[in-house]
Amino acid sequence: IEMDPNYALAYAGLADSYNNLASYSCLPPKEAFPKARQAAMKALEIDDKLAEAQTSLAMIEEHFDWDFSGAENRYKHALDLNPNYSTALFWYGFLLIFRGRIDEGLIKIKRAQELDPLSLVINSHLAWGYYFKSEYEKAIEQCKKVLEMDPNFAWVHGVLGRVYVQKSLYDAAIEEFQKAIGLSGGSGRYLAELGHAYA
């Protein structure tokens, strides 16, 4: 942005950075999401056809404004602008899953995975989608694929821990949450889940 203040994609990238800092509990949402919105709006000011910026705003509408219908419409608009934008497919897929439309959501996430097969986040969230569908064996298999790609990815250990809890494999779940805590620098999310597994 310093080198090219009219580079819309850079502002969209900044928006996504703030979105993820809030989503992964690294910054308070009240601090991060307004900064994300400001960056996304600047991107759209420069290029109102930018799918990346529309996707950034959809994330804010979903996770900060709690405007699920608005977020869904914006994800659809982003995908009209760029049907092969994997982040839009992935985030939209999870909105659908959270709204109870699990099969629709899994289709979107699988398409995102086809477009970006090496993404640890997309691959892990595919496993999480199987978790929400109660397809625990598929979830475990998908988690193991991610661990082959990177055994130090904390998020997938957390997903695997959740699956093991659902299967009443508490010792295995505790081990996964402990790994997630160590790899994440002590994330409160995984500490809470470890406490739940112990209980």
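Me: How many disulfides does the structure hold?
Reply: This is a predicted model, and the count is taken from its atoms. A disulfide requires a pair of cysteine sulfur atoms within 2.5 Å. The number of disulfides in the structure is zero.

Me: Is C143 buried or exposed?
Reply: A residue counts as buried under 20% relative accessible area and as exposed over 50%. C26, at 54%, falls on the exposed side. C143 has a relative accessible area of 0%, so this cysteine is buried.

Me: How many aromatic pairs does the structure hold?
Reply: A pair of aromatic rings is described by the distance of the centres and the angle of the planes. Ring centres must lie within 6.5 Å to pair. The number of aromatic pairs in the structure is 12.

Me: Which kind of aromatic pair do F98 and W128 form?
Reply: The ring centres of F98 and W128 are 6.0 Å apart, and their planes make an angle of 85°. This pair links distant parts of the chain, since F98 is in helix α5 and W128 is in helix α7, 30 residues apart. Planes over 60 degrees apart count as edge-to-face. The pair of F98 and W128 is therefore edge-to-face.

Me: Is W128 buried or exposed?
Reply: The limit for a buried residue is under 20% relative accessible area. W128 has 12% relative accessibility, so W128 counts as buried.

Me: What angle lies between the planes of W128 and F132?
Reply: Both residues lie in helix α7, four residues apart, which is about one turn of the helix. F132 is partly exposed, with a relative accessible area of 31%. The ring centres of W128 and F132 are 5.3 Å apart, and the pair is tilted, with an angle between the planes of 50°.

Me: Which residue lies over the face of W155?
Reply: W155 belongs to a cluster linked by ring pairs, whose other members are F94, F98, W128, Y131, F132 and Y136. At 5.3 Å from the ring centre of W155, the residue over its face is R162.

Me: Which element gives the most to the lining of the largest pocket?
Reply: The largest pocket holds about 520 Å³ of space. Of its 25 lining residues, the closest to its centre are S23, Y24, M59, H63 and H125. The elements that give two or more residues to this lining are α1, α2, α3, α5 and α7. With five residues, the element that gives the most is α5.

Me: Which elements give two or more residues to the lining of the second largest pocket?
Reply: The second largest pocket has a volume of about 220 Å³. Among its lining residues are Y24, W155, L183 and Y190. By class, the lining has seven nonpolar, three polar and one charged residues. The elements that give two or more residues to it are α9, α10 and α11.

Me: What is the phi of W66?
Reply: Most residues other than glycine have a negative phi. W66 is found in the loop between α3 and α4, and it is exposed, with a relative accessible area of 58%. Its phi is positive although W66 is a residue other than glycine, with a value near 60°.

Me: Where does S134 lie?
Reply: S134 is not a glycine, yet it has a positive phi of about 65°. At 45% relative accessibility, S134 counts as partly exposed. Its place in the chain is the loop between α7 and α8.

Me: What distance separates the C-alpha atoms of D116 and E72?
Reply: D116 is found in the loop between α6 and α7 and is partly exposed, at 29% relative accessibility. E72 is 44 residues from D116 along the chain. The C-alpha atoms of D116 and E72 are separated by 22 Å.

Methods
Residues are numbered from 1 along each chain as its sequence is written. This is a predicted model: local features need pLDDT of at least 70, side-chain atom pairs count only at pLDDT 80 or more; totals for chains, interfaces and linings use all residues. Side-chain values use heavy atoms; hydrogens and water are left out. Rings of Phe, Tyr and Trp (its six-membered ring) pair if their centres lie within 6.5 Å; planes under 30 degrees apart count as stacked, over 60 as edge-to-face and the rest as tilted. Buried means under 20% relative accessible area, exposed over 50%, partly exposed in between (1.4 Å probe, protein chains only). A charge sits over a ring if NZ of Lys or CZ of Arg is within 6 Å of the ring centre and within 35 degrees of the ring normal. On a 1 Å grid over the protein atoms alone, a cavity is a set of points where a 1.4 Å probe fits but cannot get out, and a pocket is an open set with protein on both sides within 12 Å along at least five of seven lines; lining residues have an atom within 4 Å of a point. Grid points are joined across faces, edges and corners, and a volume is the space filled by probe spheres set on the points. Ala, Val, Leu, Ile, Met, Phe, Trp, Tyr, Cys and Pro count as nonpolar, Asp, Glu, Lys and Arg as charged, and the others, Gly among them, as polar.
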